[in-house]
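Here is a friendly briefing to read alongside the model.

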Amino acid sequence: MKRRLFIKSVAGGTLATTLAGTEFLPRFLGGIENACAFSFTKQLSSKEARFYKRLESGGIECQICPRRCRVTDLERGYCGTRENRADKYYTLVYGFPCSANIDPIEKKPLFHFLPGARAFSLATAGCNVNCKFCQNWEISQMRPEQTDNFELSPQAAIDICIRERVPVIAYTYSEPVIFYEFMYDIAELGQKSGIKSVMITGGYIEPEPLKALLPQLDAVKVDLKAIREDYYRNIVGGQLKPVLDAIIQIKNSGAWLEIVYLVVPTLNDSEAEFRDLAHWIKNYIGIETPVHFSRFHPLYLLKNLPPTPQTTLERAYEICRAEGLEYVYLGNLPGHRAESTYCPKCGKILIERRGYQILQKNIERNLCRFCRKVVPGIF
Amino acid sequence: MTDQTISIVYDSMSRVVVVRSERPSEAKSPSVGVFMTMLEVGLNELTGMVQVTDAIKKYIPPGVIGLKVNCLTRQYNSTSVALVEALIALLVRNGRDENDIIIWDRTSNELDGAGFKLNLSSFGVRAFGTDVSRFGYSREIYSSGEVNSLVSRILTEEIKSLINLPVLKDHSIAGLSGGLKNLYGVINNPNKYHDSNCDPFAAQVLGIAPVKEKLKLTIIDAFRIQYNGGPGFDSRYLTEYGGIILSDDPVAADTVALQILEHLRAAHNLPSLEKSGRPVRYLATAERLKYGTADVKNIQLNVKTMDSQGALHEGSLF
Ligand code: SF4
């Protein structure tokens, strides 16, 4: 099957649900002889999970994320992807992603990490929170037997990157923390083959597994969904504090870090919140950390709210710039000037973007071409 | 007495019937025949009607009937195949078409493991899981309180009425696994609703529109009860109670089931569920939401015991 033909044939199907900019990954990539590698399967994995402990009272405690689910025989944790079988804990999604596409890295969004690079983007079913605005709820809120999965070993994922000349693998769409073992093994193999790994996450992860994972990662984008605990409790179904701790840990690890804040009308869009966010970033991870304010679209359980007004996003931008943050972006506003990167010193355009396209780039070895200011990131 | 007078009398109280078998030889594996008798007694007592046909008519409207079983532990402690076969025999004997009966659970694999014969054909009783490709889950999200779920299309599209056939057992988080907890098996994301000992979620599942509309009867398999270490199977805590619990009030059925479970725990020197950190608050929540009765004072309980000769007596719950 020719690649273009295949892309056409999946349009409207499960692989075609993502937005513009995506190259749909051909299921028969590399020729028909590899077809079996991309056939949908009902099989789930039975790989022993990492980071759990057996409890004296029976059952196990999962220690991957702050939920610390206590799970007895035949039951699953909150994310629905891990199962206790006779007090051994298993991940059911290792090597069984439900989404695989090649996206521009800008779509993640990562703006200071290999601009213009393509990223082989993988996800499995499941998530450890339940955001009422989730745009990928059809995979994130499912159990793995409810999505169309295909078998893909870590080595096969790396082989695709090499064959397709894709320099980056992104763990994304749902929540990679819940497919930790799969992500970890791909990232580890990727390092040996020069393929970089980026995690697109809500940052709801315990310090120990994060510490073990970070050396395998080159960049992390964290969706910091709000700067208020009650929003995390009521809208996300999680907690803010562990996310803030994880962000600091990522920053200190040296992995490249960018933050996204989805602005949801009436729920997390006050000026006080934007100001508090700016202060926190300034105090804990530094003004050079890129921050993306993203426009909300009514989806999933928040269909009753309108899309974020452009003026609200612009207000967030202004407040953060006024507070000294150097790289502030506005997302889901195609054509807006705040999609581009400007030099905080000379004000000239460093990277001009339109949507996911790079129109011009004025950074040379991490320096502004005009004033030689250091531009943080991996370029 | 006419049907109407009965319903007037019973409307003020929720009615629960427990039928117990004292036949020692039947204790481990009761026959379909024994279960049929128990079901007949239970349905008659529940409705006050002499004819089972009338009792079935009272609850089950014409159309396809779903029997939601619980097969989590496969062959070990799932809803008894003999109990389900007995119910089917009663339904068929009373004019229902075999093919209009569907035994279902989350997955065909679980059903198969519990000993149900899978059948998707147009002949005989059907049995399959939500996971068969032509069913799956609804596209629409159904919401009830904090529960937002896709619902098995077997429930939303295929059946007209639902008989819930759970197994009574202990649950490591919910405390009680009975009828309400078994309804977690009709939604796609039960894993999201175990916080706070499943409260208020287990109650709110009853408010999901197709559940509310179609759930007609709860028949809890309480023949062998695992009073601790559930919901997985642990033979150390299995005891024979020899009963079934019937009610058209799912909350009342679970309330009585909880009394039995707590009694068995106490009898085996185990702390109450409350003291074990697993208080069953979701029943009171369900009552507050007006889905049924959780106050024993408002439950009219009727216990019948079948002795080893098959004769019926007034029985006791414990
Ligand atoms: S990773 Fe999943 S099972 Fe583990 S603690 Fe988090 S939600 Fe629970």
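Predicted model: local features only at pLDDT ≥ 70, side-chain atom pairs only at ≥ 80, totals over all residues.

**Strands around β12 of chain A**

β12(A) and strand β13 (residues 196-201) of chain A run parallel and are joined by four bridges.

- On its pairing with β13(A), A:Ile169 has A:Ser197 as its bridge partner.
- β12(A) also pairs in the parallel sense with strand β10 (residues 118-123) of chain A, again over four bridges.
- In that pairing, A:Phe120 is the residue opposite A:Ile169.
- Strand β12 of chain A covers residues 168-171, with A:Val168 and A:Ala170 pointing one way and A:Ile169 and A:Tyr171 the other way. All four of these residues are buried.
- In a regular strand, side chains alternate between the two faces of the sheet.

**Nonpolar cores**

- The largest nonpolar core has 97 residues, and those that touch the most other members are A:Phe120, A:Phe133, A:Ile169, A:Leu224, A:Ile247 and A:Phe293.
- Domain 2 (47-91) and domain 3 (99-339) of chain A each contribute at least three residues to this core.
- There is a second, separate core of 57 residues, and B:Val205, B:Leu206, B:Tyr241 and B:Ile260 are among them.
- Leaving aside residues up to four places away in sequence, A:Phe133 touches A:Lys225, A:Tyr231, A:Ile235, A:Leu262, A:Val264, A:Phe296, A:Leu299, A:Tyr300 and A:Leu302.
- In soluble globular proteins, nonpolar side chains tend to be buried together.

- Helix α6 of chain A spans residues 229-236, and its buried residues include A:Tyr231, A:Tyr232, A:Ile235 and A:Val236. These residues lie on the same side of α6(A), because they cover an arc of only 105° around the axis.
- The cover over the buried residues of α6(A) includes β14 (219-223) and α7 (240-253) of chain A.
- Helix α3 of chain A (residues 154-164) has A:Pro154, A:Ala157, A:Ile158, A:Ile160, A:Cys161 and A:Glu164 buried. Seen down the axis, the buried residues of α3(A) fall within an arc of 155°, so they line one face of the helix.
- A:Arg165 follows α3(A) and has a positive phi, near 55°.

**A three-stranded open sheet**

- Three strands of chain A form an open sheet in the order β3-β8-β7, with antiparallel pairing. The edge positions belong to β3 (47-48) and β7 (82-85) of chain A; each has a single partner strand, so one side of each has no neighbour in the sheet.
- Four bridges link β7(A) and strand β8 (residues 88-91) of chain A in the antiparallel sense.
- A:Asn84 has A:Tyr89 in β8(A) as its bridge partner.

**Chain A and its domains**

- Chain A contains nine helices and 22 strands, and 58% of its 379 residues count as buried.
- Of the contacts in chain A between residues at least 6 apart in sequence, 66% join residues at least 24 apart.
- The domain assignment divides chain A into domain 1 (2-39), domain 2 (47-91) and domain 3 (99-339).
- The C-alpha centres of domain 2 and domain 3 of chain A are 25 Å apart. Their contact takes 18 residues from domain 2 of chain A and 26 residues from domain 3 of chain A.
- These two domains of chain A bury about 1,700 Å² between them, with 56% of it on carbon and sulfur atoms. On the domain 2 side, A:Arg50, A:Ile64 and A:Pro66 supply 31% of the buried area, more than any other three residues.

**Where the chains meet**

- Chain B and chain A bury about 1,700 Å² between them, 48% of it on carbon and sulfur atoms.
- This contact takes 24 residues from chain B and 21 residues from chain A.
- B:Ile141, B:Asn191 and B:Lys192 supply 35% of the area that chain B buries against chain A, more than any other three residues.

**A buried serine in chain B**

- B:Ser177 sits in strand β9 (residues 175-177) of chain B and is buried, with a relative accessible area of 3%.
- B:Ser177 and B:Leu261 are 84 residues apart along the chain, and their C-alpha atoms are separated by 9.7 Å.

Terms used:
Residues numbered from 1 in each chain as written. Chains lettered and ligands numbered in written order. Heavy atoms only, no water. Core = buried A, V, L, I, M, F, W, Y, C linked by side-chain atoms within 4.5 Å. Buried < 20%, exposed > 50% of the residue type's maximum accessible area, 1.4 Å probe, protein only. Domains from an automatic or database assignment. Contact = heavy atoms within 4.5 Å. Helix = DSSP H or I, 4+ residues; strand = E, 2+ residues; numbered from the N terminus. Arc of directions from axis to C-beta. Pairing = 2+ DSSP bridges. Buried area = accessible area lost by both parts, 1.4 Å probe.
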